[in-house]
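Let's take a quick tour of a protein model, one piece at a time. Have the sequence and the 3D view open as you read.

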Amino acid sequence: MRVYNTLTRTKQELKTIDEGEVKIYACGPTVYNYIHIGNARPLCVFDTLRRYLEYRGYKVKFVQNFTDIDDKIIKKAIEENSDYKTVSEKYIEEFWKDAKGLNFREATVHPKATENIDEIIHIIETLVEKGYAYPVENGDVYFSPAKFNEYGKLSHQPLEDLEAGARINIGELKKEPMDFALWKGAKPGEPYWESPWGKGRPGWHIECSAMAGRYLGKTIDIHCGGQDLIFPHHENEIAQSECCNGVPFANYWMHNGYINVDNVKMSKSLGNFFTVREVAEKFGYEPIRYLMISSQYRSPINYSIDIIEQCKAALERLYTCRDNLDFALENAGDSVPENADEIKAQLDSRREQFIKAMDDDLNTADGISAVFELVKDINVNVINSGSKELVEYAAKLFDELTNVLGLVYNRDKGSLDSEIEALIEARTKARAEKNWAEADRIRDELKAQGIVLEDTAQGVKWHRE
């Protein structure tokens, strides 16, 4: 597999530290609100990366954190007349509702910043001892990027260019505008932890260095996140981690592109800001996941009502194919067509097409195309074959590929209650007696209850609207 490495700006063959194992760290949410559709993209993209690596035989250790102490969380707690812990725990719970709706698989570890204070303090102490960081009189501790010769290597900007946009805010005691906080001295009324520099709390960047190091080691295989995190967050993670440990922090950096809304960058000030919950209430979660992986992950994607409706329609094609396979299996026999081996070879070629696409920097767009080519093959060669062997073969391959993408995960039709079952049977009887008016009346009654019937040569099929 080849992945685009932001650090080198090239596609590189994925070579892991330990053969057959991949260590991945993904930056998780700051839990002070519901996640928005921009947050959904890295969730879905890097969940798919993990699924694909496991599909290819790797053992994956996947770590995604929760930032559960932060200025935004403290501000939210004040607004809600609450405390940081209540706010963070509330929105972690809300995160999981959305994440599970998007079919995001739980990471190997979901550490919280507040559970890693000792590790954070240890890194800061080391950086101070080595001369890369310095405490000031109000209890803050700052890192000096100027002392790290490779600062800017991820964002590919020299320090002097980065310094041009930096400044020292009122109340900050740092020496240079580019210096960033590793530890923040506590202000009155703020939550705090004891440290060698007094009561305080961690800065944002140091959290991820501590959690990645604790759960994955000093050097990890892949660090991923949104494109907006390249600078300053990931740049600062590299600086503090490598100055502390003296080894590379991550060998590969993968970043997903931005999301626009109606071709305009999403912004609260523009009123085009949507949470995942808001979109899911109107369209469901799965169309959101489909949208997030429908383009190659590094390219920007556009959200609009028309596009999400197109995603729903595409998913309906997939569900129809899978339902048709179930129905065909119920009516299939033991006969095997003479050209069964040719049909299986054609189906297998779609797996090869899928793997080729995904091996090319996780090209989910072409991977989805391979799945739809498989759907065509199934419709043409399998559904009406009458062969149980072929139908089972096709269904297994369909499930194999859609599971890697995390799609078609709402297949449970639910059980029909006895009243609806009786209506379907009554309609079947009316049709057999050529009582078309009664059959149509029952069809309309079922439709009003959200049950859609389809008459086929093999019998009656149904699905919920």
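D83 caps the N-terminal end of helix α3, with a side-chain oxygen 3.1 Å from the backbone nitrogen of K85. That is a polar contact (a pair of N or O atoms within 3.5 Å; within protein, one must be able to donate a hydrogen and the other to accept it, and residues adjacent in sequence count only if both atoms are side-chain atoms). Keep in mind that this is a predicted model: local features need pLDDT of at least 70, side-chain atom pairs count only at pLDDT 80 or more, and totals for chains, interfaces and linings use all residues. Residues are numbered from 1 along each chain as its sequence is written, and side-chain values use heavy atoms, leaving out hydrogens and water.

**Helix α3**
- Helices (H or I, at least four residues) and strands (E, at least two) are DSSP runs, numbered from the N terminus.
- Helix α3 covers residues 84-101, and its 18 residues reach 26 Å from first C-alpha to last, close to the 26 Å expected at 1.5 Å a residue (the expected span is 1.5 Å times one less than the number of residues).
- Its buried residues (under 20% relative accessible area, with exposed over 50% and partly exposed in between, using a 1.4 Å probe and protein chains only) include Y84, V87, Y91 and W96.
- The buried residues of α3 pack against α1, β4 (59-64), α2 (71-79) and α8 (276-283); contact means heavy atoms within 4.5 Å.

**A three-strand sheet**
- Three strands make an open sheet in the order β12-β11-β13, with mixed pairing (two strands pair if DSSP finds at least two bridges between them).
- The edge strands are β12 (264-265) and β13 (301-303), and each pairs on one side only.
- β11 (residues 259-261) and β12 pair in the antiparallel sense over two bridges, and N260 has K265 of β12 as its bridge partner.

**The loop residue R167**
- R167 sits in the loop between α5 (159-163) and β7 (180-185), and counts as exposed because its relative accessibility is 60%.
- The C-alpha atoms of R167 and P177 are 4.6 Å apart, although the two are 10 residues apart along the chain.

**Cysteines**
- How many disulfides does the structure hold? It holds zero (a disulfide is a pair of cysteine sulfur atoms within 2.5 Å).
- The sulfur of C27 is 4.0 Å from its closest cysteine sulfur, in C208, so that pair is too far apart for a bond.
- C44 is in no disulfide either, as the nearest cysteine sulfur, that of C311, is 11 Å away.
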